[in-house]
Amino acid sequence: HCSSNDGAIKLQVTGGQEPYEFEWNNSAARGSGLNNLAAGTYNVTVTDQNGCSKKFSYTVDVTPGPTQFEVDAAIENASCAGNDGSIQLKVNGHSGPYSFRWTHNETGASLSSLEDGVYSVIITDKHGCYMDKTFTVNQDPGLAKPRIEQSEDTLFVTQNASGYQWFNGGERIEGATGSSLKIVEPGTYSIQINNAQGCTASSDYFDAADPRPYARSLDPNLTFQQFEFYPNPVVVDMKVEMVVSKPTTIVLDVLDFQGRKIQTEDLGLVHSQVSKDLNVASYPAGIYLLRAKAGDEIITRRFVKP
């Protein structure tokens, strides 16, 4: 049987002159039979009392069935970047060659380009003995979510990464590709980082406080002098009020918290101040961004719809 060396050969000799002597080529036994045999070929020389001898050869086969092989498995987990895991098997034994049949119809002792998951294989030896084995490929977690902090007029993250990209209100800030960002106005900022394997992680939105209370008096060229909206949280109607330092065209956008634009209001040319009522009754409950654009100047704030 596959699971044990329990084969046997028992000889019954006719002809010649008793008693008989038996010399087996692969055993010290001298009797007419062998027990506890593995699969293989066994040769014996039978000699009678008169010295007449004859050689015989017998084959012990294996009854196919389940068994247990000693299997070494080298598993490489998939990275956070994609399907790059692998399994490499080595069967230790003397009953090869071995065949491999995986549950998804692959053959061979190795698999590559694997995503995380469970992989099963049937291993069969040359006698038809087989066993089932199951292996698990995990996926590395990749980068942890970066956390934004603010110190006076600077936002920063302490997590090391290969690349950084800052956003304000869901919009990419051109050239903002360092671990820190100097800001001149409050806003709703986020950052995306990546590593050498191409894995990415994005921060939560961060409501940056006014970096310097006197920033506007130091920079009279800023367009927005006031940007307010209420109530927040808002259920039905929101009022937005803005004061600008010079005539400018203003566009209001509402974005969901993934940065997708869901409403736009073009307020046209505003000379000094303007107010706008926004109805949000049809919005699903969640967190939203209210963004005002005046030329190249952008202000973004967060509001909640219960």
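A residue is called buried at under 20% relative accessible area, exposed at over 50%, and partly exposed in between (1.4 Å probe, protein chains only). The model is predicted, so local features are taken at pLDDT of at least 70 and side-chain atom pairs only at pLDDT 80 or more, while totals for chains, interfaces and linings use all residues. Residues are numbered from 1 along each chain as its sequence is written, and side-chain values use heavy atoms, with hydrogens and water left out.

With a salt bridge taken as a side-chain nitrogen of Lys or Arg within 4 Å of a carboxyl oxygen of Asp or Glu, eight salt bridges are counted. One of them joins Arg291 to Glu171, with the closest N and O atoms 2.8 Å apart. Because Arg291 belongs to strand E25 (residues 286-294) and Glu171 to strand E15 (residues 171-172), this pair ties together parts that are 120 residues apart in sequence. Strands (E, at least two residues) are DSSP runs numbered from the N terminus.

Lys293 is partly exposed, at 24%. Together with Asp253, the residues Glu171, Arg291 and Lys293 are linked in a network of salt bridges.

A further salt bridge pairs Asp207 with Arg302, at 2.9 Å from N to O. Here strand E19 (residues 206-208) holds Asp207 and strand E26 (residues 297-305) holds Arg302, so the pair ties together parts 95 residues apart in sequence. Asp207 is partly exposed, at 38%, and Arg302 is partly exposed, at 31%.

Key
Helices (H or I, at least four residues) and strands (E, at least two) are DSSP runs, numbered from the N terminus.
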